[in-house]
Amino acid sequence: MAAKAISSPVPVDWYPTLAVVMVAVGLMFTASFFIYEATSSRRSRSLAKEVATAAIASVFLGFGSLFVLLASGVYV
């Protein structure tokens, strides 16, 4: 059996585009989270909404950071 080369499931040409899009979406969710925290009163806040918004922002910023590193040539 011959060994198969490991290849990326995402084309290398897409790395910069994915980086910009994912970081931008992550920053929008982060801004939404901070606006929600600043404008809602303590009694009207929803823990589920806070956790969901923070988790979505975290996922997009995490993958965005990964693609920023990949686009700049740092292979992780």
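What relative accessibility does Val 25 have, and does Val 25 count as buried, partly exposed or exposed? I looked it up: Val 25 has 21% relative accessibility, so Val 25 counts as partly exposed. The classes I use are buried (under 20% relative accessible area), exposed (over 50%) and partly exposed in between, with a 1.4 Å probe and protein chains only.

**Ground rules**

I am working on a predicted model, where local features need pLDDT of at least 70, side-chain atom pairs count only at pLDDT 80 or more, and totals for chains, interfaces and linings use all residues. Residues are numbered from 1 along each chain as its sequence is written, and side-chain values use heavy atoms, with hydrogens and water left out.

**Overall form**

I find 2 helices and 0 strands in the protein. These are DSSP runs numbered from the N terminus: helices are H or I with at least four residues, strands are E with at least two. Along the principal axes, the C-alpha atoms fill a box of roughly 65 × 25 × 15 Å. Buried residues make up 17% of the 76 residues. The protein exposes about 5,800 Å², and carbon and sulfur atoms supply 71% of that area. The area comes from the Shrake-Rupley method with a 1.4 Å probe; for residues, only the protein chains shown count as cover.

I also looked at contacts (heavy atoms within 4.5 Å). Among those between residues at least 6 apart in sequence, 64% join residues at least 24 apart.

Val 25 sits in helix α1. From Val 25 to Pro 9 I read 22 Å, C-alpha to C-alpha, across 16 residues of sequence.

Next, the largest nonpolar core. It has 5 residues: Tyr 15, Ala 19, Met 22, Phe 67 and Leu 70. Helices α1 (15–39) and α2 are the elements that give two or more residues to this core. Helix α1 gives the most, with 3 residues. A nonpolar core here is a set of buried Ala, Val, Leu, Ile, Met, Phe, Trp, Tyr and Cys residues joined through side-chain atoms within 4.5 Å.

Leu 70 touches Tyr 15, Tyr 75 and Val 76, leaving out residues up to four places away in sequence. Tyr 75 belongs to the segment after α2. At 63% relative accessible area, Tyr 75 is exposed.

**Thr 53**

Thr 53 lies in helix α2 and counts as buried, at 15% relative accessibility. Beyond four places in sequence, Thr 53 touches Phe 29, Ser 32 and Phe 33. Tyr 75 is 22 residues from Thr 53 in sequence and 29 Å away in space, C-alpha to C-alpha.

**Charges**

How many salt bridges are there? I count 1. The rule asks for a side-chain nitrogen of Lys or Arg within 4 Å of a carboxyl oxygen of Asp or Glu. Arg 45 pairs with Glu 37, the closest N and O atoms being 3.4 Å apart. Arg 45 is partly exposed at 28%, whereas Glu 37 is buried at 18%.

Glu 50, in helix α2 (residues 47–71), is buried yet has no salt bridge. The nearest side chain of opposite charge is Arg 45, 4.4 Å away. For charge, Lys and Arg count as positive, Asp and Glu as negative; His and the chain ends are not counted. Glu 50 touches Phe 33, Tyr 36, Glu 37 and Arg 45, again not counting residues up to four places away in sequence.
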